[in-house]
Amino acid sequence: MSSSTVRPAALIVLAAGEGTRMKSATPKVLHELCGRSLLGHAVEACAALTEGHPEDVVVVVGHAREQVTAHLAEVAPGVRTAVQERRLGTADAVRCALDALAAEGVTPAGPVLVTCGDIPMQTPRTLGALLATHAAEGNAVTVLTALVPDATGYGRVLRDAEGAVTAIVEHRDATEEQRAVREVNSGVLAFDGRLLAEALRRVGTDNSQGEQYLPDVLRILREDGHRVGAQQAADHRELVGINNRVQLAEARRLLNDRLLERAMLAGVTVVDPATTWLDVTVTYEPDATVHPGTQLLGATHLAADCEVGPGCRLRDTVVGAGARITHSVAEGARVGAGALVGPYAYLRPGTVLGESAKAGTFVEMKNSTIGEGTKVPHLSYVGDATIGDHTNIGAATVFVNYDGEEKHHSSVGSYCRTGADNMFVAPVTIGDGSYTAAGSVITRDVPPGSLAVARGQQRNVAGWVARKRQGSAAAQAAEAALAATERKPRDA
């Protein structure tokens, strides 16, 4: 927090609404945006102002309160919650938050910041600047406003000739002249905590919805002779509220652009920002390269000089320095330095790919550790296994790890060479330096340095097609081939 920013006595996040325009069974504030819920973004911005005191943040819940409260316990432990039993308006919601604080013996005497749980783009910098202006001007209330291209649906900020705020009028209650105003209320306000509680008791319901609007507190405080100020945000896009899926998609694009710009300024090469998507929790080092059509999600980390993409989707995956991943999916995996993945590989949770190892084309791995320099080049499944260093796994190999009820583990040592089309039926151990023959089904341990052959002897049944598939195309082809063989001159 900047030294010029005033620490608030309390921060109230309004998140009790149903969000019917989302047309969703999921509460609006729990819809995800770049790896974090709308509410999570708002709480994160507020928590940054508390100097390590998350209990200063109070989230007002109402619709689907159990679901929202459980989410908060997971993503923002320590914040308080207050219940708005009946949704009687934003002023009533703030009153519920103050009542919840009072029940715990807390009476905010300093600045109280009120924001909304559906404004995901707000930043600590802008909120802090609002608080600083509020304190510097000695206001009873300070409104964070924005000039928007289209003010439809927003409350209009009305000023007098000197520029002071006289009122905020909701869109549905505004006259045509008032609707022409482009300066709007963001829903973010800073109050003098000592004046807020008393003013809330005087808010009425004289409006089209019969609700208690928080902006009415401005009128009450102004009529009492207190100063009402406003601060216009530098970028109106930061204060965009989410009411439907269209606005959610627009906000996702805006936030993603912000995240990509931050990554590129930190030294990451993003070849095509238009087709690259980041979560807010993704981290990276300079000189990482991200190719087109790539999604980096969750706690994914890119080390220096690695390349990811095109066409990758990584979630909670650590990519080592100099590693290369192309046209692949990874979840909960660790890819070692200099390793190669893909194209068309799938690394599932628990996969650890060692330095300079390879998971090649159409390879799937799960809960397995692959040693340094080991290669699983193509068409294989490695599940619940440990493979040592500098081993080569033949094409079309399957680690048969499931017996129908339980998963079992297999081990392959270092410097092994396993044949194509092998089946390792777990639990089984292949010793260091061993070979296995192509087409083998390995069901017993193989000692170090051994060759394991587990396949039946080939038997050719002459004339079977002519007898069993008489008249078929195969039978005709076989008859012609045999006739041609008989016509060839024989060696003396």
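Reader: How many residues does the largest nonpolar core have, and which residues have the most contacts inside it?

Author: The model discussed here is predicted. Its largest nonpolar core has 55 residues. Within this core, the residues with the most contacts are L353 and M365.

Reader: Which element gives the most to this core?

Author: Both α8 (245-265) and β32 supply at least two residues of the core. The core also draws at least three residues from each of domain 1 (10-238) and domain 2 (245-452). The element that gives the most, with six residues, is α8.

Reader: Which residues does L353 touch, not counting residues up to four places away in sequence?

Author: Leaving out residues up to four places away in sequence, L353 touches R334, V335, G336, A339, L340 and V341, among others. The list also includes K358, A359, M365 and I370.

Reader: What distance separates the centres of domain 1 and domain 2?

Author: The domain assignment gives domain 1 (10-238) and domain 2 (245-452). Taken over C-alpha atoms, their centres are separated by 45 Å.

Reader: How many residues does the contact take from domain 1 and from domain 2?

Author: Heavy atoms within 4.5 Å count as a contact. By that criterion, the contact takes 15 residues from domain 1 and, from domain 2, 13 residues.

Reader: Why is helix α1 described as largely enclosed by the rest of the structure?

Author: A residue counts as buried under 20% relative accessible area. The buried residues of α1 include L38, L39, G40 and H41. Helix α1 (residues 38-47) is largely enclosed because, of its 10 residues, those that are buried number eight.

Reader: How are the rings of Y344 and F362 arranged: stacked or edge-to-face?

Author: The ring centres of Y344 and F362 are 5.5 Å apart. Planes under 30 degrees apart count as stacked. The planes of Y344 and F362 are at 20°, so the pair is stacked.

Reader: Where do Y344 and F362 lie, and how many residues apart are they?

Author: Y344 is in the loop between β24 (340-341) and β25 (346-347). F362 is in the loop between β27 (358-361) and β28 (364-366). The pair thus links distant parts of the chain, with a separation of 18 residues.

Reader: What is the angle between the planes of F399 and F424?

Author: F399 and F424 form an aromatic pair, 5.1 Å centre to centre. F399 lies in strand β33 and F424 in strand β36 (residues 423-425), so the pair ties together parts that are 25 residues apart in sequence. Both F399 and F424 are buried. The pair is tilted, and the angle between its planes is 35°.

Reader: Which charged end sits over the ring of W277?

Author: A charged end sits over the ring of Y402 as well, that of K407, at 5.5 Å from the ring centre. For W277 the charged end lies 4.4 Å from the ring centre, and the residue that carries it is R253.

Reader: At which residues does UniProt place the feature "binding site"?

Author: The annotation comes from an unreviewed UniProt entry.

Reader: Is A395 buried, exposed or partly exposed, and what is its relative accessible area?

Author: A395 lies in the loop between β32 (385-387) and β33 (398-400). Among the residues it touches are H378, L379 and A420. A395 is partly exposed, with a relative accessible area of 22%.

Reader: Which residues does A438 touch, not counting residues up to four places away in sequence?

Author: A438 lies in the loop between β38 (435-436) and β39 (441-442). Its relative accessible area is 38%, so A438 is partly exposed. Beyond four places away in sequence, A438 touches G419, A420, N422 and R455.

Reader: Which residue does a cis peptide bond join to G309?

Author: Most residues other than glycine have a negative phi, and most peptide bonds are trans. A cis peptide bond also joins A426 and P427, with omega about 0°. For G309, omega is likewise about 0°, and the residue joined to it is P310.

Reader: What is the phi of N367?

Author: N367 lies in the loop between β28 and β29 (369-370). With 39% relative accessibility, N367 counts as partly exposed. Although N367 is not a glycine, its phi is positive, at about 50°.

Key: Residues are numbered from 1 along each chain as its sequence is written. This is a predicted model: local features need pLDDT of at least 70, side-chain atom pairs count only at pLDDT 80 or more; totals for chains, interfaces and linings use all residues. Side-chain values use heavy atoms; hydrogens and water are left out. UniProt positions are given in the numbering used here, feature names are shortened, and annotations may be inferred rather than shown by experiment. Helices (H or I, at least four residues) and strands (E, at least two) are DSSP runs, numbered from the N terminus. Buried means under 20% relative accessible area, exposed over 50%, partly exposed in between (1.4 Å probe, protein chains only). Rings of Phe, Tyr and Trp (its six-membered ring) pair if their centres lie within 6.5 Å; planes under 30 degrees apart count as stacked, over 60 as edge-to-face and the rest as tilted. A charge sits over a ring if NZ of Lys or CZ of Arg is within 6 Å of the ring centre and within 35 degrees of the ring normal. A nonpolar core is a set of buried Ala, Val, Leu, Ile, Met, Phe, Trp, Tyr and Cys residues joined through side-chain atoms within 4.5 Å. Domain bounds come from an automatic or database domain assignment.
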